[in-house]
Amino acid sequence: MALCPAVACLRLASALTSLTLPALSGGQLDSAPFAAVNAEPSSGGVAALADSAAAAAATVDVESSMAVLRGDDECLLGEDQHPLGGRAAGCGVNLLQRHAVAKAPAALRAAEGGSTGEDAADGYMPGSCSVWGCSRSFSWQWGQLCGCYPSAVMWKTQCRDYHQVCGGGSSPPAPSPPPSPPSPPAGASCATFGCGGFKEGQACQCNPECVRYRDCCSDYSSQCTSAPTPSPWPGGGGGGFSDAPTFTFYVYRAQSSANYPPKSVNVANLPGVLWYLSNEVVIENPPKFGITRILRYKVQTKAPSRLFAKGLNFGVRYAYDSSKCTGPGDCVPMYRRYGYFVGCNNFKDHYPFPTKPTHYAGGQWFSLPAEGACAHGSPTGADDCTYSYSGHPDEITLEELAATSENGTSAAFWASPDDDEANARKVLAAADLFKQKYPDSALLTEPQCNFDFGKFWQ
């Protein structure tokens, strides 16, 4: 199914691709130039949005930042929640914005700390014509974000394998091989630096990921790979011990009957997970995504030293989709800069998502990168040991939760989603249910989510 009418999509892609982005001032995003783009169109749906985007493109300062696209999480909205006409239209805008980022000038991508991803770096969106065929448009629903039809070439949204699979004329010229990295200065060696984690500002690196990023010191193989280097801290890799405080608290995750560890996923506090359920899951019967229960993990977190040096215990809350970190921005350079931090966001801050009032007071979401999970023991704050979790989670089912309502139905329990008091009662009911099922569980205090936009991104 196409995301939006073809002509409107193409016009909107053109407008968004040419759009320069507003600068940051004091860590705050000036979104005024985008008011016309973000506002609900009075008529014409996405076509009207294209007109608004084109008008906005002429008014935005050339000195720009990619931060305006970081908060775009419209694909999480329910079918009837998006002002442009449901999830399909919302994701159409999301797709086209991602295309605009992929085509952004290299200078803007460099300001973000690197490329916008492997596909985006050379102008291709995810998808494959060999899988999708040569007659259908892209579909967010099935993960096909590129086109396999002739007009996709004109709008530069074709899949990487379009020419090979679908014909369409001669193939584009093969890209030039990447230049060899410059030689590090004399004295830059693993024998001097030692083997371990990524160290910002170092001329070359001596950690396992340097092979992927092509910045290893010349003696990395001989110094660091002949035998495992013993770690001076339990469960940790690069970055060493951190002086950051250790927090112990509960996190919650809405999940199907499938069982897997809380790695490369998003979790929440209790108000946060109930808002997610109310906003996206129980809007259908049976609940979407096969979700049947709420899991509760006891976690411990400890910020890596480079993040704690900024006065932060948590980094940005990245979104994880199918275990892949999808932003805001490019996840890789920030994890390299700070270590594999636990991210968080307060609902009240409206960044990066949700971007509107939720009516669930105190809601928080967290991100748990798999690379930051400690192999054993409590977190040390080493780059690869920033959190640990209880092995077997507690759980309550959505049926048990619904049974606490007046007439014992799901509809009754989830009624009045925009009523602050009604939602507070839902949170209390869930907390009481966990207490009834697990009377010996410890009472833990939630930490303050002290993520700061200006400190983190500067």
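Is strand β3 (residues 246–255) largely enclosed by the rest of the structure or exposed, and how many of its residues are buried? The legends below begin with that strand and then move to other parts of this predicted model.

**Figure 1. Strand β3 and its partner, strand β5.** Seven of the ten residues of β3 are buried, so the strand is largely enclosed by the rest of the structure. β3 pairs with strand β5 (residues 293–302) in the antiparallel sense, over ten bridges.

Figure 2. The side chain of R296 meets that of D394 in a salt bridge, with N and O 2.8 Å apart. This pair links distant parts of the chain, since D394 lies in strand β12 (residues 394–397) and R296 in strand β5, 98 residues apart. D394 has a relative accessibility of 18% and counts as buried. R296 is buried too, at 6%. R296 also lies over the face of Y250, at 4.2 Å from the ring centre.

**Figure 3. The salt bridge between D383 and R306.** The side chains of D383 and R306 meet in a salt bridge, at 3.1 Å from N to O. Here again the pair links distant parts of the chain: D383 is in the loop between β10 (364–368) and β11 (387–389), while R306 is in helix α14 (residues 305–308), 77 residues apart. D383 counts as buried, with a relative accessibility of 9%. The count of salt bridges in the model comes to five.

Figure 4. In general, side chains of opposite charge can pair when their charged atoms come close. R336 forms a salt bridge with D215, and the closest N and O atoms are 3.2 Å apart. R336 lies in helix α15 (residues 331–338) and D215 in the loop between α11 (210–213) and α12 (220–224), so the pair ties together parts that are 121 residues apart in sequence. Does R336 count as buried or exposed? R336 is buried, with a relative accessible area of 14%.

Figure 5. Six of the eight residues of α15 are buried, and the helix is mostly covered. The buried residues are C331, P333, M334, Y335, R336 and Y338. At the N-terminal end, D330 caps the helix: one of its side-chain oxygens lies 3.3 Å from the backbone nitrogen of V332. After the helix comes G339, which has a positive phi, near 100 degrees.

**Figure 6. Aromatic rings.** The count of aromatic pairs in the model comes to 24. In one of them, the rings of F353 and W365 have their centres 6.1 Å apart and their planes at 35 degrees, so the pair is tilted. F353 lies in the loop between β9 (343–346) and β10, and W365 in strand β10, so the pair ties together parts that are twelve residues apart in sequence. F353 counts as buried, at 4% relative accessibility, and W365 is buried as well, at 8%. Elsewhere, ring pairs link several residues into a cluster: Y318, Y335, Y338, Y340, F341, Y351, F451, F453, F456 and W457.

**Figure 7. The surroundings of N266.** N266 is found in strand β4 (residues 265–268). N266 is buried, with a relative accessible area of 17%. Which backbone oxygen lies 2.8 Å from a polar atom of the side chain of N266? It is the backbone oxygen of Y318. Leaving aside neighbours within four places in sequence, N266 is in contact with R253, R317, Y318, A319, Y320, F366 and S367.

**Figure 8. The whole chain, for orientation.** The chain has 19 helices and twelve strands. Of its 458 residues, 48% count as buried. Among contacts in the chain with a separation of 6 or more, 68% are accounted for by residues 24 or more positions apart.

Note on methods. Residues numbered from 1 in each chain as written. Predicted model: local features only at pLDDT ≥ 70, side-chain atom pairs only at ≥ 80, totals over all residues. Heavy atoms only, no water. Buried < 20%, exposed > 50% of the residue type's maximum accessible area, 1.4 Å probe, protein only. Helix = DSSP H or I, 4+ residues; strand = E, 2+ residues; numbered from the N terminus. Pairing = 2+ DSSP bridges. Salt bridge = Lys/Arg side-chain N within 4 Å of Asp/Glu carboxyl O. Polar contact = N/O pair within 3.5 Å; in protein donor to acceptor, adjacent residues only side chain to side chain. Phe/Tyr/Trp six-rings, centres within 6.5 Å; stacked < 30°, edge-to-face > 60°. Lys NZ or Arg CZ within 6 Å of the ring centre and 35° of its normal. Contact = heavy atoms within 4.5 Å.
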